[in-house]
Amino acid sequence: MSAPLPSDLAYVPFVSVKNMMRLVHRIGLTEMLTGLAHYIEDDFKRWESFDKTPRVAAHSKDGVIELMPTSDGEAYGFKYVNGHPKNTHEGLQTVTAFGLLADVANGYPVLLTEMTVLTALRTAATSGLVAKYLAPEGADTMAMIGNGVQSEFQALAMKALCGITKLRLYDIDTRATDKAMRNLADQGFELTACKSAQEAIEGAQIITTCTADKQYATILSDNMVGAGVHINAIGGDCPGKTELHKDILSRADVFVEYPPQTRIEGEIQQMPEDFPVTEMWQVMTDAVPGRRDARQITLFDGVGFATEDFSALRYIRDHLEGTGLFENLDLLADPDDPRDLFGMLQRARGGAA
Ligand SMILES: NC(=O)c1ccc[n+]([C@@H]2O[C@H](COP(=O)([O-])OP(=O)(O)OC[C@H]3O[C@@H](n4cnc5c(N)ncnc54)[C@H](O)[C@@H]3O)[C@@H](O)[C@H]2O)c1
C-alpha cells in the first residue's frame, strides 16, 4: 500500500530568494517599502497585543546567531538571523535570515520564507517610518555611513517615506561607497561620495549609521553632531557592538523599539540601566511626543525587533495569493490518522529506493 498524500495543511508555502526578488519587482520596490512601513506601523500601534521577549542570541567570537519570536495571539512568527561582520571578507553575507509564520489555533506553519532580502526591506521601512515621526521638518539630506548591504535600501526608504533626495555616502572601504554610488545612480538622488564621516554629515538633517564591526566603534563622536539632527543608528545591534560615542546619547532624546532588548544590544548598553528612553509605539499611538522642537537631537537606537519581522511575514502572506511566487513544501508529517505517524512511516517503505 502506498503512503497517503499529505493533507493541504501539511504543505507550507515557501518563498525562495528567487521568488522574493520577483515579488519585490512585481510589487515595486518603493511600493513595497511603503507597504511594509504601514504593516510595521499597524503592529507598533497594537503593541500591547504582542508577546515580547528580547531575541535569543548565541554568541561566538566571530558573530551571533539569533532567534526572534513573537505572537499576537492569532499568528506566531520567528526569524532566524545571523550577524558575522567578518563574513564579507570571505565572500559571504554579514546578515542572512529566514522566517516562519504559523497559525496559533493549530500550530501549523502557514508561511516559510527567505528573509535576507526581506530583512533589508523591513529594516529600511522601519528606519523610514521612525524618521517620519522624528526627523526635522523639511529634511532632504541624509548622511549614509556604512555603504554595505543595507545602505541602498535605507536610502530608498528614506526617500519614499521622508522625502530625502540628497545622499552623502561614506564607508571606510571605498569599494562599498563606489558600489552604492553605482546602485543609486538612477534612483533620483543627488549623490556625494565623502572621504570621512565628518564630511558626510555636513548639511545632513538625518544621519544613518549602518556599519558592521564586532567592537565598540566610534563612527560619530560628540563634537560632530550639531543641534536638530535625527540620528538613525542601526548598525550597533549586539552586546559589545556600538557606533556612537556615549556623550551623544546624553545630549539626545533616545527612541527605541523594545527597551529590554535595546538595553542589551543597542547604543544604550553604554549607559546605566535606568537611562531614559522613549518607546516608539508610544510615539506612534500619540501617547508621547516624538520631535518636540527644531533644535532637539533625536536618536533612534534601532536594533531590529521581532514585531517588525512579524509585520514583514504578514505582509508577504497577504501579498502572495494569486502570484504563484511560492512552492508548496511538504514540510509537516501529517498522517491521515493523526495518531498513526508510525503507520505512515511503515507504509512509505515501499517508496524507499
Ligand atoms: N537594526 C537592524 O534592524 C539591523 C538590520 C540589519 C542589519 N543590521 C546591522 O547593520 C550593520 C550593517 O549591516 P550590513 O548588512 O549592511 O553589513 P555589511 O557588512 O554589508 O556592511 C557594513 C559596512 O560597514 C562598513 N564599515 C565598517 N566599519 C566602518 C567604519 N568605522 N566607518 C564606516 N564604515 C564602516 C564596512 O566597510 C561595510 O561596507 C550590521 O552590524 C548588522 O548587524 C541591523
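**Close-up views of a predicted model**

**View 1. Lining of the second largest pocket.** Met-21, Val-24, His-25, Leu-29, Val-117, Glu-152, Phe-153, Leu-156, Asn-183, Leu-184 and Gln-187 form the lining of the second largest pocket in this predicted model. A pocket is an open set of points on a 1 Å grid over the protein atoms alone, where a 1.4 Å probe fits, with protein on both sides within 12 Å along at least five of seven lines; lining residues have an atom within 4 Å of a point. The volume of this pocket is about 300 Å³, taken as the space filled by probe spheres set on the points. At least two lining residues come from each of helix 1 (17–27), helix 4 (151–162) and helix 5 (174–184).

**View 2. Helix 3 and its surroundings.** Helix 3 covers residues 116–134 and spans 27 Å from its first C-alpha to its last. Helices are DSSP runs (H or I, at least four residues). Of its 19 residues, 16 are buried, so helix 3 is largely enclosed by the rest of the structure; buried means under 20% relative accessible area with a 1.4 Å probe, protein chains only.

**View 3. Cysteines without a disulfide.** The whole structure contains zero disulfides, a disulfide being a pair of cysteine sulfur atoms within 2.5 Å. For Cys-162, the nearest cysteine sulfur is that of Cys-210, 16 Å away. Cys-210 is buried, with a relative accessible area of 14%.

**Notes.** Residues are numbered from 1 along each chain as its sequence is written. Local features need pLDDT of at least 70, side-chain atom pairs count only at pLDDT 80 or more, and totals for chains, interfaces and linings use all residues, while side-chain values use heavy atoms, leaving out hydrogens and water.

Note on methods. Buried < 20%, exposed > 50% of the residue type's maximum accessible area, 1.4 Å probe, protein only. Expected span 1.5 Å × (residues − 1).
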